[in-house]
Each structure stands twice: as structure tokens, then as C-alpha cells.
Amino acid sequence: MIPITELRYFADTQPAFRILKPWWDVFNDYISIVMLMIAVFGGTLQITQDKMICLPCKRAINDTCEASPVPVVSEPKGVQNELDRHQYSYIDAVCYESTLHWFAKYFPYLVLLHTLIFLACSNFWFKFPRTSSKLEHFVSILRKCFDSPWTTRALSETVVEERDSKPLGKMNGVADKKASSMSEDVEASVPMLQRTKSRIEQGIVDRSETGVLDKKEGEQAKALFEKVKKFRIHVEEGDIIHRLYIRQTIIKVIMFLVIISYAGYFVFYIRFNVMCTVETEKLTGFSSFYCAHPLATLFKILASFYISLVVVYGVISMYTLCWMLRRSLKRYSFESIREESSYSDIPDLKNDFAFMLHMIDQYDPLYSKRFAVFLSEVSENKLRQLNLNNEWTLEKLRQHISKNPQEKLELHLCMLSGVPETVFDLVELEGLKLEFIPDVTIPPIIAKLSNLRELWLYHTPAKIESAALAFLREKLKALHIKFTDIKEIPLWIYSLKNLGELYLTGNLSADNNRYIVLDGLRELKRLKVLRLKSNLYKLPQVVTDLSAHLLKLSINNEGTKLMVLNSLKKMVNLSELELVRCDLERIPHSIFSLHNLQEINLKDNNLKTIEEIISFQHLRRLVCLKLWYNQIAYIPIQIGTLNNLERLYLNRNKIEKLPSQLFFCHKLRFLDLSHNNLTVISADVGSLQNLQYFAVTANRIETLPMELFQCKKLRSLLLGNNCLETLPSRVGELSGLTQLELRGNNLECLPVELADCRLLERSGLVVEEKLFNTLPPEVKEQLLGGDNESVKIS
């Protein structure tokens, strides 16, 4: 049995989209229902009544039958024909199939097929996965915006502002045209406005009258603003809904033309009298029959009525198509609403978002007017500013405090109308992150945050008061700025004399250089770390000028090719250098002049060969080399000259074989070779006695060398997603092992010697559960017991 609730849900699905159905779609739906009734009625008649009634009209000569000969008799008298009921039924069926015109036979089924196609075309955009989700989301948001208390409050405040701006004498007179053209949803607020007028005349300002929302209503309105923004980003870039609606309308027009072209012609073939000539002399003695099609008259009437409905349907579809092609439905302007309200920043919409609003206007333009309130940033800022400090209480802010990887307390505020004053009561804060806050002025009370050392300004062009600048100049050590427009970079950052770390993320390309003022960086005499995430083709000169005191330089070029790097030679004091996503094909030669380098990171470039690695032997202090996420196919034997190397990242490359010279780097503590094409691990790996982390995940390794277990200091061994069939029992010799990854291999069992790895716990053993169950109970208990002890300690 189907529950009633399921039927109710099914029945309510289509009405949910009724506001997106213009009058022509509604009218065509009714026409389709009538067509469907014609198809059902005609099909029912054809099934329940006789299809054909035939009588013989001519007697054959020499009437014989091979199966059962019929004796020759005299000519028939009257209407006697000596045929039984089965012969009549047979002749009726044969004549129906062979002689009756196909249109007269299949007319009800053709009507049914055409109607289903029309219905599918009319509702396909509601069911197509790439459009139905957008339409459903849009309708849901639109209804909530229409019913939101903030919509009425915002439009009511607009009326208040207009009336307050007029002289009191005019307020008592007849309203002008603009006031009289306000939408019906504002008219309900007129009694309230009259009371407000009398109170203004008395000099009394009642804040509750101007509409401060309660907490629940304010939260709902804020959520709607966020939904509208996200939905706009998701929908406005495409026009799939618009194109799909045009296509389904074109299909309906084509269907209309096809139906009219053949149905109007074949309807004359629906006849009551049908002559049937069949070769049945041997069975019946007759070859010609005079047949009657009982349903012909009714079918002809139904067909004529159906064709008239199709004509109406087609005319409406052609009107729809002309309407769509004649108007620019991919642009929607709120100009009239901007003139009527104080929200002059309501943007015009495009593509699918605009098309859906045009369709809504065909249902009721009031929906678009009320929805426009949630497209205005001014409206949003008014809402957010109403109860900002009341909403963000000290307790709530403390709940948003988190610890960063450096174990420092930081607070992240995103997309607020401002910074709540209660933030400055969090004296324990060490980091403050402000993101997408368009209007921020840092007040002097920031001095209460005595522990503040790090500040993030992400798309937040913050202003600052002089007393606050004096505090930040003394205390701030790290500053992160993310910008789209160069104007978002506050110029006061160049006054932060004690700033040690600066992170800039935004467009610094050559086309934009004339608008960029980075010369102020020269004033940051204590800057040690500079990170640029941009799209440079060469290093700015000002960066080179920081070489005297800069220790770490990081450039993430977002895939843009960094071609000019000669100026790196001057930065001789650098200890860390990162050139990430710079589309480098070779290791830059300018790096070899930086003798103080301790770490090099060339992640996610286009390196295919690293022959230049022989020059790294001049970098005596180099301890960390990151060549991960490249296209490196092999490692030169000169890798063995890097005697001081402690950490080597070669993962996410295309390495097939490791040179034995790699294992001459006896100081290696960290070696990552995961996600390559390795099939063998050299026995020379045993010479890495300082190795603590070894990863070969996602390779094609079949066996492990016994020498690997001579690396007694190993704490992490990652062997997952390889072709290992056995795990040597010598793994028990790695007594310091805390992490062992084996998942994704061909192992059948685990060695009991895992019990000798006293520091290994179940959480550190990454393996399939069924493989873990092959261990003896006492070994499993030991591994699980370690987890329980760690939980108790924590």
C-alpha cells in the first residue's frame, strides 16, 4: 500500500513550480489534458467495441478447400451465405489489419503519443537534473523572501524616509505620483506610518517603530541574504535554463507543424464503409467483402476536434517562441524598483537568473519587487548593523575562537557589516582574521588586545585611527592581506615598523603594475618573511631591495610562468625559498648563488628533469628539498652529493627507478617517494640509519628489502596501495614504529612480530579490518590496549 503522505507529496510537487508557469504554459496544460482525454476515450472505445464488421459481396466459382472440401451447391438465394461465426470473426480481423487505413486504426494511440510528448516538453525543464535543482532552489528562496518580515520592514523604512524628507505640509496633502505607485505590499504599513508621523511631530523617536527585528527574524533574513548570494553565483554564470526552455518550445512548434501536416491530410481516410478484397476463397468461398468501421464517425469527430486543439496549442507555442526571441530575456533590470525605493544599488541580473525573474513577472510582478530587497547590499548592511553587537555577545565570540597549527588563539569573522566592539574584550586573542567585511575602521580600543600579534585582512580594506596604528606598529608581527583590487591594500601597513611577516595575495601582474604602490615595503626594515600569491612574470624590484634582511621568500604564481629570476642572485641572505606553481621547466640557475639556503620548495611546477641538481652541492646548508608534484621521470646520480640533506620530497612524480647514490645522503630523516612508478626499493636503503619517515604509497612495489628493517629509527612507514604479498617478520625490529600503512596491498596475513613494535597502536596501523583480524588475539589486544591507554592519558 502507498502511504497517503506519499500521494500528497506527489500531488504537491507540480504546484510548487506554478509561479514559474506563465499563462501560455497553464493554458497548454489544460489543452494537453483534453487531448489526453480524447486519447483515453478513443482507445477505450477501440478496445471495448467491434473494430470491423464485414459481409461477403461476391461468390467464388469452383468453391473448393484443400483442408475440407465444400460441396458444390446452387447459387445462393437472398442473403444466405452459409458462413459461421468464426469465419465472420476471421474475415473481420483480416480486413481490419490489411485494408483499414493505419490512421483510422492507430488514431487514439497517436493522440496519446503526441500528448505525452507535449506534456514532456512543457515540463521537461522542471525534471531535467541540471535545471530542476536550480528551479526548486529558486522557488524555495523566492517564497521565503516574499514572506520574510524583513522585506516588509525594509520597504516600510523606504516609505518612512521618503515621507520624512518632505515638508510636514506636504505630508498632510495629497501624495505625489511616486508615493501612489508604491506596491501593494507597502500599503499595509500606512497606518503605522501615520502613527510615526504624529510621533515625529512631537520629537519622539521610537526605535521599535522603525522595525528592529527580533533575533529569530534577523537570523532568517541574514540566511536569506546568504542564500541569494550563493544562488546568484551558482546560476547567473550560465544560461542552460533559458536555452532548454527555448529548445522545448521549438520542439512543441515542430510537433505542431508535423501533426497538422499529416493529421489534417489523413483524417479523410477515416471512413465508415470499407471495401475489402482478400484471398480467402478456399476458407470462405468469398473473395470480396463489404465492411463497416463502426467507430469511424466518432473517430472523425474526435480527430477534427483534436486537430483544432493542436492548432490552438501550436499558435500559443509560436507566440511563446516569438516572445522569447523578440525580448532580451537574459537581462533583467530593476530600474523601476530602484526609482521607487532607497535601494539604488540593486544590481541588474543576467542569464538564467534574469530569465527566471521574467517568468515570475508573467505570474505576479510583486514577487520580483519583494525579492529585489535581498539583492541590495545597502539593505543587507542595514540588517546586519541593526543588532551586530547584541548578536555577537562575548560568550558567542569565545565559542568562535580556535587554535591554529601554531597553537595560537585566533578569531575568524567573515562577511559581517562591521567588527563587533565585544571583540576587543577578548584579551587572550593572538590572531584576528577579518574576511569580506567591506567597512572596517580599527578603533583605539584594539589596544586592549595586548596579546595580538597576527592580523588577517581578506578583501577587507580596513581604515585605522591613529591611536590604533600606534598600537599595531608596536605589537603586530604578522600581516596577511588578500585583495582583488589594489585599492584594498591599506597604505598604513607600511608604517608597521616591527612587522616581521607579510603575506600578499592578489593580482600583481605586469598589466597591473602601474596601479600598484609597493615601494612602501622598503620601509619595513624588520621584515623577515614575504609571501606573494599572484601571477607575476618577474620579481618586482622592491622585493630585491629587501634582500638585506629578508630570510624567507615564497612565491605562488597560480600557474603563471615566472620567466625572469635573475634578481634572485642578490638575495644572498635567504634561508628558505618557495617557487610554487611557477610553471618552471628547469631549476633556475640563480638559486645556486644563494649559499645560505636551507630549504627549497619547487612544488607543482613542470619539472621533467633535474640535471641541475649537481649544482646543489654548493649549497652546504641545504637540509630540505621539495620537488613534489612535478613530472620528474628519473633522479640523477649527483643526488648523492647532497650530504647534509635531511628531508627530501619526491612524491607525485613519474619516477620509475631510484639511483643507489640517493642512499648516500646518510642524514636523511624524511623521504617521501609516494605516488610514483617504483617497482623496487634498493637494498641500499638500509644505509639510511637516521631515517624516521619513509613513504612509498601508491607505487607498484612487490617486495620489501630486508635491509629496510635496519633503519631502526623509523617511526612512520607508509606502504599502502602497492603490490605487496607478504610483510616480512623483521618488521618487529622497528621498535620505534608509530605509524604503519598497509592498506591496498595483496597481503593475506600480518606477522605476529608486530607485537614487538611496542609504540605501534591500532590507530597508527592503517590496514583492512579483515587483515587485522588475522593477528593473534594477544597481539590485537596489545594494539588496541595502546589506544585505550592513550585515551586515558588524554
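Entry 1, ground rules. I am working from a predicted model, where local features need pLDDT of at least 70, side-chain atom pairs count only at pLDDT 80 or more, and totals for chains, interfaces and linings use all residues. Residues are numbered from 1 along each chain as its sequence is written, and side-chain values use heavy atoms, with hydrogens and water left out.

Entry 2, the search. I asked how many disulfides the whole structure holds. The search returned 2, a disulfide being a pair of cysteine sulfur atoms within 2.5 Å. With the bonded cysteines of the chain numbered in sequence order, I noted the pairing as 1-4, 2-3.

Helices (H or I, at least four residues) and strands (E, at least two) are DSSP runs, numbered from the N terminus. The S-S torsion of C54 and C291 is about 110°, so I logged the disulfide as right-handed. C54 is buried at 2% relative accessibility, and C291 is buried at 1%. Buried means under 20% relative accessible area, exposed over 50%, and partly exposed in between (1.4 Å probe, protein chains only).

C95 sits in helix α3 (residues 85–98) and C276 in strand β2 (residues 273–277), 181 residues apart. The torsion about their S-S bond is about -90°, so this disulfide is left-handed. Both C95 and C276 are buried.

C121 is buried at 8% relative accessible area, whereas C322 is partly exposed at 46%.
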